[in-house]
Amino acid sequence: MLVIAEENFAGGIHSLNRFVEVCESVNHGLLWIDHNLLVQGGNRPFSRLLEIENDFARFFGRPIAEMLEFLIQRGEFTHDDPKAYVAGHLAALRKRKPFKIERIRPNGITVSVSVTPLPSGGYVYVYLDVSQERKLRESVRRGHKASIIAMANLAEHRDMDTGIH
């Protein structure tokens with residue numbers, strides 16, 4: 001839980017600017033939507049990760065559905081039915097439960113997105129590039145599969161009586 005001393009915000013806009021500086025300094029992309037599912041803000045790592053630096057500000061105060069539709073048009077989601085994807089996402093938000101998505105962007109980067117409900121009724125989305133972790137998991141999976149195949153081949157060629165190949 002983030003705790004900020006009340007006296008830190010006694011300085012008004014100066015303290016708020018310092019908090020924004022903190023949010024901009026993390027390497028995770030952050031997106032905030034309010035209880036009406038309107039985009040309220042995000043940090044630079046978010047707009048960089050999704051490559052929407054020039055377009056992001058136009059979504060402030062707009063429904064998250066509009067931003068999802070924009071991203072779909074850019075090829076962000078490989079879903080057969082874009083309207084169904086947006087409807088499903090909105091339905092997941094209405095459940096007020098945290099959820100996580102991992103997907104591969106068109107540029108090959110694997111993004112993990114954690115969506116967490118806020119006590120105020122909104123949500124915070126945390127975006128993280130997990131490309132390296134995904135490659136490592138895939139490498140381990142392939143190595144494991146190769147080991148199983150090698151063991152099976154070894155067992156298949158062994159003489160049952162003597163154990164010799």
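**Aromatic contacts in the predicted model**

Phe46 is buried, its relative accessible area being 0%. In total, the structure holds five aromatic pairs. In one of them, the ring centres of Phe46 and Tyr127 lie 4.9 Å apart and the ring planes meet at 65°; because an angle over 60 degrees counts as edge-to-face, the pair of Phe46 and Tyr127 is assigned to that class. Phe46 belongs to helix H2 (residues 44-49) and Tyr127 to strand S5 (residues 123-129), so this contact ties together parts that are 81 residues apart in sequence. Tyr127 is likewise buried, with a relative accessible area of 7%.

A further pair is formed by Phe59 and Phe70, with ring centres 5.2 Å apart and planes at 55°, so this pair is classed as tilted. Phe59 is located in the loop between H2 and helix H3 (64-73), whereas Phe70 is part of helix H3; the pair therefore ties together parts that are eleven residues apart in sequence. Phe59 is buried, at a relative accessible area of 4%. Phe70 has a relative accessibility of 11% and also counts as buried, because the cut-off for that class is under 20%.

Phe46 and Tyr127 are also members of one aromatic cluster, which is made up of Phe46, Phe56, Phe60, Tyr125 and Tyr127.

A contact between a charged side chain and a ring was also found: Arg96 lies over the face of Tyr123, 4.9 Å from the ring centre.

Key. Residues numbered from 1 in each chain as written. Predicted model: local features only at pLDDT ≥ 70, side-chain atom pairs only at ≥ 80, totals over all residues. Heavy atoms only, no water. Phe/Tyr/Trp six-rings, centres within 6.5 Å; stacked < 30°, edge-to-face > 60°. Helix = DSSP H or I, 4+ residues; strand = E, 2+ residues; numbered from the N terminus. Buried < 20%, exposed > 50% of the residue type's maximum accessible area, 1.4 Å probe, protein only. Lys NZ or Arg CZ within 6 Å of the ring centre and 35° of its normal.
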